[in-house]
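Look at the structure first, then read the points below.

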Amino acid sequence: MTTVTIAILLVPLLLLAALALIALRNGEAAEARYPPNGTFTTVEGVRLHHVERMPPSGGREAPTLVFVHGASGNLRDTRFAFEEALAGRYRLIFVDRPGHGHSERGPQDAHRPAVQARLIGGLLDALEVRQAVAVGHSWGGAVVAQMALLRPDLIEGLVFIAPATHPWPGGVDWYYDAAAAPVFGPLFSHTLAPVVAGQVAPRAIGSVFSPETAPEGYADAIGLDLLLRPATFHANARDVALLKGEVAAAVSDYPRIAQPAVVITGDKDTVVYPDIHSAGLVRDLPGARLVTLAGAGHMPHHTRKARVVAEIEALASQVWGQGAAREAAGESAGVGTMEKGRP
């Protein structure tokens with residue numbers, strides 16, 4: 001083998017090694033900048049990171065809301081949207097889904113919404129939650145649906161925000177399939193993908209919020225750089241790339257979901273198809289009702305926060321009654337009504 005041939009072979013290997021080192025260092029910097037801000041609980045051998053906010057009165061017996069974030073995110077997204085708006089009236093639990101934020105990934109089939117739902121249900125058991133309303137955004141909607149199916153003893157109501165719950169025509173962006181592929185996927189996720197994704201992230205945020213605008217400082221608020229860690233990028237890609245098959249298999253079970261539910265969607269959502277996912281949930285779930293927000297995109301929990309909070313509180317009142325929420329808040333007035341925050 002000639003020197004030239006050896007050099008030709010070494011160049012791509014050195015390039016991959018350099019990219020892997022950059023991705024590793026960027027990941028370490030992200031973890032230093034956005035360290036865990038909650039508590040860890042081990043469920044089935046998987047260490048799950050979560051943040052719990054108790055009301056001033058009521059404690060563990062207070063009405064509980066558990067929040068499940070979507071793809072390419074972590075609990076900082078739902079916490080940024082809801083903690084301040086709902087604190088004091090409920091017991092709030094924000095969870096990093098397996099493989100995201102600071103939660104461990106867990107078993108090989110952790111990409112399945114049913115597996116993530118089982119683990120989150122186990123977390124709620126460990127936290128001595130007896131009854132909860134589950135709130136899921138986007139990919140988290142598929143998890144919330146599985147929580148309702150697996151744990152009807154625990155989950156008493158459901159809030160779906162821009163959910164991804166039904167099979168859709170076509171596939172997903174090529175880089176998800178590439179990062180999720182056997183053998184090549186981990187290599188891609190640990191070298192090229194995180195570095196390139198870091199360059200296009202600002203534009204990606206704009207497209208997710210379109211036609212509306214992201215809150216100022218959104219990327220920093222949610223610790224977006226945590227997504228660019230190689231292991232997290234790979235886990236997220238598997239979640240997205242394999243979701244269609246999972247929801248296609250789950251649809252036939254949805255009519256068994258008897259809990260009351262509200263499905264909130266923007267009519268300008270270009271990330272998921274409201275006429276497939278949201279309309280499908282209202283069709284398939286006996287106790288679901290649809291709330292369509294004119295002009296809203298895929299992130300209404302940020303861009304139409306007051307309205308979404310009002311719908312969550314309305315469902316909580318339907319599930320638990322006004323009295324329980326008032327007692328938890330120590331207030332004489334009722335919780336938010338359906339009219340609160342209407343545009």
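R53 is partly exposed, with a relative accessible area of 35%; buried means under 20% relative accessible area, exposed over 50%, and partly exposed in between (1.4 Å probe, protein chains only). The model is predicted, so local features need pLDDT of at least 70 and side-chain atom pairs count only at pLDDT 80 or more, while totals for chains, interfaces and linings use all residues. Residues are numbered from 1 along each chain as its sequence is written, and side-chain values use heavy atoms, with hydrogens and water left out.

**R53 and E83**

- R53 forms a salt bridge with E83, with the closest N and O atoms 2.9 Å apart; a salt bridge is a side-chain nitrogen of Lys or Arg within 4 Å of a carboxyl oxygen of Asp or Glu.
- This pair links distant parts of the chain, since R53 is in strand β2 (residues 46–53) and E83 is in helix α2 (residues 75–86), 30 residues apart.
- Helices (H or I, at least four residues) and strands (E, at least two) are DSSP runs, numbered from the N terminus.
- E83 is buried, at 13% relative accessibility.
- Leaving aside neighbours within four places in sequence, E83 is in contact with R53, T78, L92 and F94, where contact means heavy atoms within 4.5 Å.
- R53, R79 and E83 are linked in a network of salt bridges.

**Other salt bridges**

- By the rule above, the count comes to 17 salt bridges.
- E246 forms a salt bridge with R112, and the closest N and O atoms are 3.1 Å apart.
- That pair also links distant parts of the chain: E246 is in helix α10 (residues 243–250), and R112 is in the loop between β4 (91–95) and α3 (113–126), 134 residues apart.
- E246 is buried, with a relative accessible area of 18%, whereas R112 is partly exposed at 33%.
- The side chains of R151 and D153 meet in a salt bridge of 3.0 Å, N to O.
- R151 is buried at 19% relative accessible area, while D153 is exposed at 52%.

- H166 lies in the loop between β6 (155–161) and α5 (174–180).
- H166 is buried, with a relative accessible area of 3%.
- A polar contact of 2.8 Å joins the side chains of H166 and D284, and another, of 2.9 Å, joins the side chains of H166 and T165.
- A polar contact is a pair of N or O atoms within 3.5 Å; within protein, one must be able to donate a hydrogen and the other to accept it, and residues adjacent in sequence count only if both atoms are side-chain atoms.
- Not counting residues up to four places away in sequence, H166 touches several residues, including V247, Y254, H277 and D284.

**Helices α2 and α13**

- Two packed helices are described by the angle between their axes and the distance between the axes.
- The axes of α2 and helix α13 (residues 305–320) come within 11 Å and cross at roughly 65°.
- Axes are lines fitted to C-alpha atoms, for helices over the stretch in contact, and angles run from 0 to 180 degrees between N-to-C directions.
- The contact is made by F80, A81, F82, A85 and L86 of α2 and by K305, V308, V309, I312 and E313 of α13.
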